[in-house]
Amino acid sequence: MTHRINYSVRLARFVIVCFLFLRATPEEEEFVSIIPVLDDEATDFSRIRCPLCRWQPDAGCYWVCDDCGDPEYFYGGCGTMWNTFATRGLCPGCQHQWRWTSCLACEGWSRHEDWYEKT
């Protein structure tokens with residue numbers, strides 16, 4: 001039950017951030033930071049999969065740096081939206097190194113390094 005509540009809170013925050021970004025005036029843009037993947041060649045998404053459900057993200061998938069309880073226990077999220085695999089889990093906004101990544105498909109959490117298939 002706690003996981004579903006945490007997911008609902010995260011989803012609500014994500015929707016609010018998206019709404020604010022879409023209606024932000026130039027003066028407000030500093031409050032919302034979205035970092036796009038600039039070089040698709042730099043990240044080989046074909047070798048990245050969720051260890052739990054095998055879902056495969058692509059360059060258009062975004063995560064949000066937000067406060068997180070179990071399993072990361074990080075309470076200093078800066079709100080930056082970016083593709084976590086483009087930076088190997090390093091938030092470009094606040095430089096927090098995420099050790100855990102949630103799957104956008106199954107909503108499960110796995111260690112970030114476990115997403116990368118071994119060659």
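How many salt bridges does the structure hold? The structure holds three.

## Basis of the model

This is a predicted model, in which local features need pLDDT of at least 70 and side-chain atom pairs count only at pLDDT 80 or more, while totals for chains, interfaces and linings use all residues. Residues are numbered from 1 along each chain as its sequence is written, and side-chain values use heavy atoms, with hydrogens and water left out.

## Salt bridges

A salt bridge here is a side-chain nitrogen of Lys or Arg within 4 Å of a carboxyl oxygen of Asp or Glu. Side chains of opposite charge can pair when their charged atoms come close.

Strands (E, at least two residues) and helices (H or I, at least four) are DSSP runs, numbered from the N terminus. Glu117 also bridges to Arg54, with the closest N and O atoms 2.9 Å apart. Arg54 lies in the loop between S1 and S2 and Glu117 in the segment after S5, so this pair ties together parts 63 residues apart in sequence.

Arg49 is partly exposed at 24%. Glu117 is partly exposed at 26%. Arg54 is partly exposed at 46%.

Arg88 and Glu113 meet in a salt bridge of 2.9 Å, N to O. Arg88 is in the loop between strand S3 (81-82) and S4, Glu113 in the segment after S5, and the two are 25 residues apart. Both ends are partly exposed: Arg88 has 41% relative accessibility, and Glu113 has 40%.

## Aromatic pairs

The structure holds five aromatic pairs. Rings of Phe, Tyr and Trp (its six-membered ring) pair if their centres lie within 6.5 Å; planes under 30 degrees apart count as stacked, over 60 as edge-to-face and the rest as tilted.

Trp63 and Phe85 have ring centres 5.3 Å apart and planes at 85°, so the pair is edge-to-face. Trp63 lies in strand S2 and Phe85 in the loop between S3 and S4, so the contact ties together parts 22 residues apart in sequence. Trp63 is buried at 7% relative accessible area. Phe85 is buried at 3%. Phe74 and Trp98 are also edge-to-face, because their centres are 5.3 Å apart and their planes at 80°. Phe74 is in the loop between S2 and S3 and Trp98 in the loop between S3 and S4, so parts 24 residues apart in sequence are tied together. Phe74 is buried at 15%, and Trp98 at 7%. Ring pairs also link Trp55, Trp63, Phe85, Trp115 and Tyr116 into a cluster.

## Nonpolar cores

A nonpolar core is a set of buried Ala, Val, Leu, Ile, Met, Phe, Trp, Tyr and Cys residues joined through side-chain atoms within 4.5 Å. The largest has nine residues: Phe45, Ile48, Cys50, Cys61, Trp63, Phe85, Cys103, Trp115 and Tyr116. A second, separate core of eight residues includes Cys68, Trp98, Trp100 and Trp109.

Contact means heavy atoms within 4.5 Å. Ser102 sits in strand S4 (residues 100-102) and is buried at 10%. Beyond its neighbours within four places in sequence, Ser102 contacts Trp63, Gly108, Trp109 and Trp115. With the same exclusion, Cys61 contacts Trp55, Trp82, Asn83 and Leu104.

## Backbone details

The peptide bond from Asp70 to Pro71 is cis, with omega near 5°. Pro71 lies in the loop between S2 and S3.

Arg54 is not a glycine, yet has a positive phi of about 75°. Glu107, in the loop between S4 and S5, has a positive phi near 70° and is likewise a residue other than glycine.

Methods: Buried < 20%, exposed > 50% of the residue type's maximum accessible area, 1.4 Å probe, protein only.
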